[in-house]
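Me: Please take me through the sheet and the aromatic pairs here, and set each label against the rule behind it.

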Amino acid sequence: MKKLPIVFNSVFILLGVVLGQAQDKSVPDARVEKADFTIAFGSCNKSTIPNVLWDDILNTHPDVWIWGGDNVYADTNDMHKLQQFYKSQDSILGYQKLRAEVPVIGTWDDHDYGLNDGGVEYAFKKESQQVFLDFFKIAKDSPRRKQEGVYAAHTYDTPEGSIKVIVLDTRYFRTALTKDTETKKRTKPNTYGEGTVLGAAQWEWLAKELNSSTADFNILVSSIQVLSNKHGFETWGNFPHEVDKLEQLIADSKAKGVVVLSGDRHISEFSKTTIAGVGYPLIDFTSSGLTHVYSSYSGEENPYRVGEVVAEVSFGTLTFNFETSHVVFKMIGDKGKVLGILEQGFK
């Protein structure tokens, strides 16, 4: 879709250094923001590595915790082994405390799905889905047990406003990637129009969820990045027509405050673009990873990046102010260290 040169009210802060200036002096300081609702989320987690962030996550007082994928690292066709990986994560005391105090939702990525870079071809996806739903304590008689794919919608109503979290499944239906045999990158974009990320049934469901939404904010949870598309790893950018389709759906639906949360990359970053017909920017907040990161990261192209990449173990938070339609996005590391902040108005 054609991008519009719109100026939005936003600020990016990295390690306390302001990299952009707010256009509106009424925007509150990110460090003292009012929080009507708080989302915490993260991805890329191994139970065999010290889980040092659960106390920090609890200290942000989230209203919901969202797993962004690679919640465990199993990569197996053996469902018993997959269950053991989930049980190992459930045994982590910090996570047990979080789960006891905070609602937990989320999606999967390839390593908890069962196949590295896997998609529709994974032979054990139906069995893996049931183990995934067990981990999330989904009732045995839930309709989600019969649905193909782990996508789901959750609405949170408060006296101040409402938030819909739309959890996507970028694995169950995703068609084959195109290998890049010409450069050192792993993959390259498919021929335009070929393949799908979500599949027909999930696309139909997503359209209904966005078109019918009356929420003040609509949060799309995608295990892989939507906007960053030059790095050669998994991304919606490998299916450029699917990115266009998503942007068109956001515009046509008139849904308010659509934001993307993503993981997978073992780095954290903010990406942002404009969409024709949408009066706010689309932000893709990547938070990865919870226990291990791309520590040797030395740079990669992302035409949508805002600020700098963070390659430290971290999780993400979003704090919402319904009165001002303002959101503060934070990358937070061990001992509550704030690694990056993006402030955005949605009016």
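**Sheet and rings**

Reply: Seven strands form an open sheet in the order E6-E7-E10-E11-E13-E12-E14, and their pairing is mixed. Strands are DSSP runs of type E with at least two residues, helices are runs of H or I with at least four, and both are numbered from the N terminus; two strands pair if DSSP finds at least two bridges between them. This is a predicted model, in which local features need pLDDT of at least 70 and side-chain atom pairs count only at pLDDT 80 or more, while totals for chains, interfaces and linings use all residues. Residues are numbered from 1 along each chain as its sequence is written, and side-chain values use heavy atoms, with hydrogens and water left out.

Me: What makes E6 and E14 stand at the edges?

Reply: Strand E6 (152-157) and strand E14 (305-310) each have a single partner strand, so one side of each is left without a neighbour in the sheet.

Me: Why is the pair of Phe132 and Phe136 called tilted?

Reply: Rings of Phe, Tyr and Trp (its six-membered ring) pair if their centres lie within 6.5 Å, and planes under 30 degrees apart count as stacked, over 60 as edge-to-face and the rest as tilted. By this rule there are 29 aromatic pairs. The centres of Phe132 and Phe136 are 4.6 Å apart and their planes stand at 40°, so the pair is tilted. Phe132 and Phe136 are both buried.

Me: Why does the pair of Tyr172 and Phe173 count as tilted?

Reply: With ring centres 5.0 Å apart and planes at 55°, Tyr172 and Phe173 form a tilted pair, and both residues are buried.

Me: What sits over the ring of Tyr172?

Reply: The charged end of Lys125 sits there, 4.5 Å from the ring centre; the rule asks for NZ of Lys or CZ of Arg within 6 Å of the centre and within 35 degrees of the ring normal.

Conventions. Buried < 20%, exposed > 50% of the residue type's maximum accessible area, 1.4 Å probe, protein only.
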